Protein chains: 2
Amino acid sequence: MKVNLSFEKSHSNDLSIMVDVLRASTTITMALNHFKEVIPVVEHMEALNIAREKEALIAGERRGATLEGFDAGNSPIEIQKLSGKTLVLTTSNGTRIMEGMNSKVLVGCFTNARAVAMAARNLAIEEIEVVMAGVEGRFAIEDFLGAGEIISNLQNLDLSEYAQAAVMAVQDKSLVKNAVLKSRSAKRLSEIGFKKDVEFCLRTNISTNVPQFHDKSIKKII
Amino acid sequence: MKVNLSFEKSHSNDLSIMVDVLRASTTITMALNHFKEVIPVVEHMEALNIAREKEALIAGERRGATLEGFDAGNSPIEIQKLSGKTLVLTTSNGTRIMEGMNSKVLVGCFTNARAVAMAARNLAIEEIEVVMAGVEGRFAIEDFLGAGEIISNLQNLDLSEYAQAAVMAVQDKSLVKNAVLKSRSAKRLSEIGFKKDVEFCLRTNISTNVPQFHDKSIKKII
């Protein structure tokens with residue numbers, strides 16, 4: 001079984017894990033504690049329309065700030081105060097990446113690193129691809145390190161050299177924490193009041209939720 | 001001063017360091033112990049023509065094997081047995097990358113990591129760009145780790161997140177050694193009898209040679 005690491009673009013026809021640590025992947029993972037499904041959308045008007053139609057709650061952000069008419073931001077901490085059947089979540093980058101995949105699609109991050117790795121190993125036929133979402137088309141260190149944490153649970157498989165590099169980078173957990181806290185994304189979130197979210201997103205293996213995206217909806221794998 | 005890490009393509013107008021650990025960067029660095037200049041070329045016929053014209057020695061490889069009519073392979077160990085004014089070296093990937101740069105161009109690897117970092121800091125105006133050569137268009141772990149070793153000497157500057165990731169990956173030197181020895185490039189070189197070259201290329205800070213590519217020729221910065 002091969003394990004590959006990609007940036008933004010998915011190349012797999014088998015199984016992919018979308019990693020957007022700050023914060024889409026973490027919010028989706030934690031939302032599935034209290035919701036049966038999460039519907040990811042690109043635009044906030046689309047979110048409002050789907051939410052009205054499905055009588056769903058709605059969460060999202062623009063430039064990290066909660067939008068008017070929304071029940072929560074794209075925040076793993078805020079999201080846990082809500083519950084219901086369906087949550088509509090605006091997350092433009094994550095949604096675009098998942099919709100562009102031609103494979104089974106899981107969602108991974110630090111909080112469910114081990115669980116998503118184990119599920120991937122069970123579901124994949126010959127390749128597990130980990131896809132870093134990045135930020136505005138640029139490499140984001142939190143996604144590289146989140147990917148490394150996931151892949152560190154797959155080390156007995158056939159890792160690509162890029163996948164190996166990510167595992168090497170997460171050996172020292174205090175350096176990992178420091179790098180994520182200092183990241184561009186973390187700084188932006190801290191400036192608008194979400195520093196606690198960044199710290200939450202670093203908590204490793206606190207959830208066994210494995211979100212799977214299929215037919216425009218994300219549900220927990222049982 | 002910014003420090004950026006790139007793959008294959010150079011984006012800098014200021015200063016770039018070309019990193020092709022196995023073996024072009026290392027061979028060039030060591031060749032400058034015994035040669036005044038190294039002329040890198042893409043094709044072996046071009047190498048033969050320039051060598052004839054300049055009465056130069058000639059080194060190179062195709063798929064890692066020494067070519068007929070050449071004085072040595074692209075080998076940092078073999079190259080040190082030769083000496084002269086000019087060495088013509090065929091190294092297609094490294095040559096193409098250096099010729100594509102619009103910046104001052106240095107050559108770096110493990111053997112001159114600290115020296116090339118210090119020289120870059122002196123020569124750059126506002127940006128040091130480290131460019132991983134890769135292998136046949138693919139990420140090569142030896143170049144990522146060589147880049148990390150170079151950048152670890154520049155940590156008080158403004159490192160991009162990708163540059164930081166490379167530094168994080170080289171914290172544990174025994175993991176670095178193991179990853180390079182197991183790399184695709186190392187396996188290929190070992191199969192054709194150059195395992196000692198791979199080990200040599202891992203020796204860190206054994207040289208203060210800083211090769212600079214300018215006007216089709218590489219000379220040591222004094």
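Mentor: Start with helix 6 of chain A, residues 141-151, which is mostly covered: eleven of its eleven residues are buried. Buried means under 20% relative accessible area, with a 1.4 Å probe and protein chains only. Helices are DSSP runs of H or I with at least four residues, strands are runs of E with at least two, and both are numbered from the N terminus. This is a predicted model, where local features need pLDDT of at least 70, side-chain atom pairs count only at pLDDT 80 or more, and totals for chains, interfaces and linings use all residues. Residues are numbered from 1 along each chain as its sequence is written, chains are lettered from A and ligands numbered from 1 in the order written, and side-chain values use heavy atoms, leaving out hydrogens and water.

Trainee: Which residues in helix 6 of chain A are buried?
Mentor: Among them are Phe144(A), Leu145(A), Glu142(A) and Asp143(A).

Trainee: And how much of chain A is buried?
Mentor: Buried residues are 59% of its 222 residues.

Trainee: How many helices and strands does chain A have?
Mentor: Ten helices and twelve strands.

Trainee: New topic: what rotation superposes chain A on chain B?
Mentor: One of 180°, with 0.0 Å of shift along its axis and an RMSD of 0.0 Å.

Trainee: Which C-alpha of chain A is nearest the axis?
Mentor: That of Ala169(A), 2.0 Å from the axis.

How values were computed
Copies are superposed by least squares on the C-alpha atoms of residues with pLDDT of at least 70 in both. Buried means under 20% relative accessible area, exposed over 50%, partly exposed in between (1.4 Å probe, protein chains only).
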